[in-house]
Amino acid sequence: MRAKISGTGSALPDKIVTNDDLSKIVDTNDAWIRERTGIMERRVSDEGTATSDLAFIAAERALANAKVTAEEIDFILVATCSPDMLFPSVACILQDKLKAKNAACLDVSAACSGFNYALAVASSFIETGKYKKILLVGADELTKYLDWTDRGTCILFGDGAGAAVLTATDKNDGIIASWLKAEGILGNSLIMPGGGTRDPETKNGRFIKMDGKEVFKFAVRALETSVKEVLIQAGKSIADIDLLIPHQANIRIIDHVIKKMGLPKEKVYVNLQKYGNTSAASIPIALDEAYAAGKIKPGDLIVLSGFGAGLTYGANVIIW
Ligand code: ACO
């Protein structure tokens, strides 16, 4: 028994913030941001919209596309590092909104790698027969944790949510391999220090702090390593990939790695120019868009690869 994705959905805030908009509040410009990151604009949620609100819209769309009702869901997993509050979990808040009363609920904290981590956890539960229908969501609103005077971070991130419904399959499709890893030793290069037990009163600020160069070097290594390792597990090669959906952080990271791997650009899905880095939401949003655009067909071999705070990284191989 394997887990397969039966339906996807996504949700993005309406408000678009362009690079020119950012150049009015911080010392930057459109040309620099495009050239150094590939990002042209991002979506920013308003004050009244919490992570679970975006997660709810994405989840409803995924359930409708999968033709699964909320009550059929056994387990809700939400990958997020920007929950509505420390507890209850976003998964529990989402359960209540969806009226998915039969589900167990859990948040997965692995930042931008969260969707790959949650997909590996969810598919294992289905493979063991413990659960049959799982709702998986990647949702983040990192713009609420940005220092809008720090041009090294505030240009990078956007808000969003993506969701997938996992069901059991006994055919030759579904998630055929998962590979996960973390390097806690590099954790300080990307942190959100305030708000936890180390600093409950957020004396150190509640903003994302990043050593961009260190994370960039890690990201290039993480993307390449995770794709190679998960393909070895799947018994496949780079040439077998029909579509790679990498975490949407920076086009230079993606371009560098696919060139080194010899993977043509047509086989890589990129939408970071529209949304920036939406953290745990980036891969499920891209998956939903790619499917809707007809870029994913039955039998295709899809690789999802993410990297982020922790530092964490991981990948999954799906036969669609
Ligand atoms: N606009 C204009 N100039 C800028 C900006 C900006 N927004 N940011 C930096 N600069 C300047 C710097 O001050 C520096 O100027 P100097 O040479 O006069 O000192 C110059 O541009 C180069 O700065 P670098 O920091 O070397 O720029 P770099 O090419 O490394 O790009 C960036 C910075 C985009 C942040 C890059 O390092 C990056 O993408 N890092 C990876 C981030 C990432 O992928 N995170 C993923 C995980 S996120 C998660 O898990 C939550």
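**Helix α3 and the cysteine pair**

The buried residues of α3 (buried: under 20% relative accessible area, 1.4 Å probe, protein chains only) are Thr51, Ser52, Leu54, Ala55, Ala58, Ala59, Ala62, Leu63 and Ala66. They cover an arc of only 165° around the axis, which puts them on the same side of α3; the arc is that of the directions from the helix axis to the C-beta atoms. An α-helix has 3.6 residues a turn, so residues three or four places apart point the same way.

The model is predicted: local features need pLDDT of at least 70, side-chain atom pairs count only at pLDDT 80 or more, and totals for chains, interfaces and linings use all residues. Residues are numbered from 1 along each chain as its sequence is written, and side-chain values use heavy atoms, without hydrogens and water.

Helices (H or I, at least four residues) and strands (E, at least two) are DSSP runs, numbered from the N terminus. Helix α3 comprises 16 residues, 51–66. At 1.5 Å times one less than its number of residues, α3 should span 22 Å, and its end C-alpha atoms are 22 Å apart, which agrees. Lysine 67 follows α3, with a positive phi near 55°. The buried residues of α3 pack against β1 (2–11), α4 (90–98), β6 (133–141) and β7 (159–169), contact being heavy atoms within 4.5 Å.

The whole structure holds zero disulfides (cysteine sulfur pairs within 2.5 Å). The sulfur of cysteine 92 has its closest cysteine sulfur in cysteine 105, 4.4 Å away, too far for a bond. Cysteine 105 is partly exposed, at 21%.

Notes: Buried < 20%, exposed > 50% of the residue type's maximum accessible area, 1.4 Å probe, protein only.
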